[in-house]
Amino acid sequence: MSDEGELIRTDPVAMGVWKRLTSLFATWRMLLAGFTRRSLSQMANDQLTPLTRAVHWKVGLGLLGGLDDAQVEFLKTYAALNAHRVERVFRTTTLLLVSVPVAAVFGISEIEPDFWLRIGFERIDTLIGILGVWMVFSLMMMGAAWRARDLADLLEFEHARREMIARRRGKV
């Protein structure tokens with residue numbers, strides 16, 4: 001436990017690797033992923049083989065290679081918790097971005113039908129602009145959830161790889 005007013009302490013080496021991993025799995029890098037050979041394999045039933053060839057996975061596995069098994073286990077749990085939280089934020093935000101505006105539109109239309117015309121919604125470009133902003137924000141949130149899950153998958157993979165090696169050596 002931490003003393004009152006202090007941060008919860010974790011392994012500084014593992015958290016340093018975590019910071020470097022999160023920069024490798026940054027959401028903005030997904031924009032570039034659509035223009036790679038790996039993107040052509042998205043329809044295949046084997047999604048891991050292309051990932052194990054990807055630069056960010058190779059570098060990530062290299063970073064994890066300097067950690068012991070307990071540190072990798074900790075980061076695996078940490079990444080899974082992070083991925084679940086990012087997914088919940090994405091779902092909640094997207095639900096709010098859809099349900100609240102739709103309810104507001106219908107509610108205001110029932111109370112005062114001419115309201116939308118007065119504020120400029122007779123012009124389709126205004127509506128397209130607002131919907132575009134909502135769509136971009138939702139896509140960014142979805143990308144963050146995707147990358148958080150990717151990072152958790154990398155750590156799950158490294159954990160499984162280490163377990164396999166340990167069993168071969170008779171440690172487990």
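Q: Which residues is leucine 64 in contact with, leaving aside its neighbours within four places in sequence?
A: Leucine 64 is in contact with Val17, Leu21, Val72, Leu75, Leu154, Leu155, Glu158 and Arg162. Contact means heavy atoms within 4.5 Å.

Q: What kind of model is this, and what do its values rest on?
A: This is a predicted model: local features need pLDDT of at least 70, side-chain atom pairs count only at pLDDT 80 or more, and totals for chains, interfaces and linings use all residues. Residues are numbered from 1 along each chain as its sequence is written, and side-chain values use heavy atoms, with hydrogens and water left out.

Q: What pattern does the protein follow along the sequence?
A: The pattern is α-α-α-α-α-α-α. The protein has 7 helices and 0 strands. Helices (H or I, at least four residues) and strands (E, at least two) are DSSP runs, numbered from the N terminus.

Q: How many of the contacts between residues at least 6 apart join residues at least 24 apart?
A: The share is 79%.

Q: Why is phenylalanine 90 called buried?
A: Its relative accessible area is 16%. Buried means under 20%, exposed over 50%, partly exposed in between (1.4 Å probe, protein chains only). The value of 16% falls under the buried cut-off, so phenylalanine 90 is buried. Phenylalanine 90 sits in helix α5. Beyond its neighbours within four places in sequence, phenylalanine 90 is in contact with Ser138, Met141, Met142 and Ala145. Tryptophan 146 is 56 residues from phenylalanine 90 in sequence and 10.0 Å away in space, C-alpha to C-alpha.

Q: Why is phenylalanine 106 called exposed?
A: Phenylalanine 106 has a relative accessible area of 56%. That is over the exposed cut-off, so the label holds. Phenylalanine 106 belongs to helix α5 (residues 69–111).

Q: What makes Val98, Val102 and Phe106 a nonpolar patch?
A: Patches take residues with over 30% relative accessible area and no salt bridge; like charges are joined within 9 Å, nonpolar side chains (Val, Leu, Ile, Met, Phe, Trp, Tyr) within 5 Å. Val98, Val102 and Phe106 form such a patch on the surface, with about 290 Å² of accessible area together. Areas come from the Shrake-Rupley method with a 1.4 Å probe; for residues, only the protein chains shown count as cover. The whole protein has about 12,300 Å² of accessible surface, 65% of it belonging to carbon and sulfur atoms.

Q: Which residues of helix α4 are buried?
A: In α4 (residues 55–64) they are His56, Trp57, Gly60, Leu63 and Leu64. Down the axis of α4 these fall within an arc of 120°, so they line one face of the helix. The arc is that of the directions from the helix axis to the C-beta atoms. Val55, Lys58 and Gly62 are exposed on the other side of α4. Across the protein, 26% of the 172 residues count as buried.

Q: Which residues touch the most other members of the largest nonpolar core?
A: Leu21, Leu64 and Leu75 do, in a core of 21 residues. Helices α1 (12–24), α4, α5 and α7 (124–168) each supply at least two residues of this core. With 6 residues, α1 gives the most. A nonpolar core is a set of buried Ala, Val, Leu, Ile, Met, Phe, Trp, Tyr and Cys residues joined through side-chain atoms within 4.5 Å.

Q: What makes glutamate 87 and arginine 91 a salt bridge?
A: The closest N and O atoms are 2.8 Å apart. A salt bridge is a side-chain nitrogen of Lys or Arg within 4 Å of a carboxyl oxygen of Asp or Glu, so the pair qualifies. Both residues lie in helix α5, 4 residues apart, about one turn of the helix. Glutamate 87 has 27% relative accessibility and counts as partly exposed, whereas arginine 91 is exposed at 57%.

Q: Why are aspartate 153 and arginine 149 separated by about one helical turn?
A: Because they are 4 residues apart in helix α7. Aspartate 153 is partly exposed at 29%, and arginine 149 is partly exposed at 35%.

Q: Are arginine 162 and glutamate 158 buried or exposed?
A: Both are buried. Their side chains meet in a salt bridge (2.6 Å, N to O). Salt bridges that share partners join Asp69, Glu158, Arg161 and Arg162 into one network.

Q: How many salt bridges are there by this rule?
A: The count is 7.
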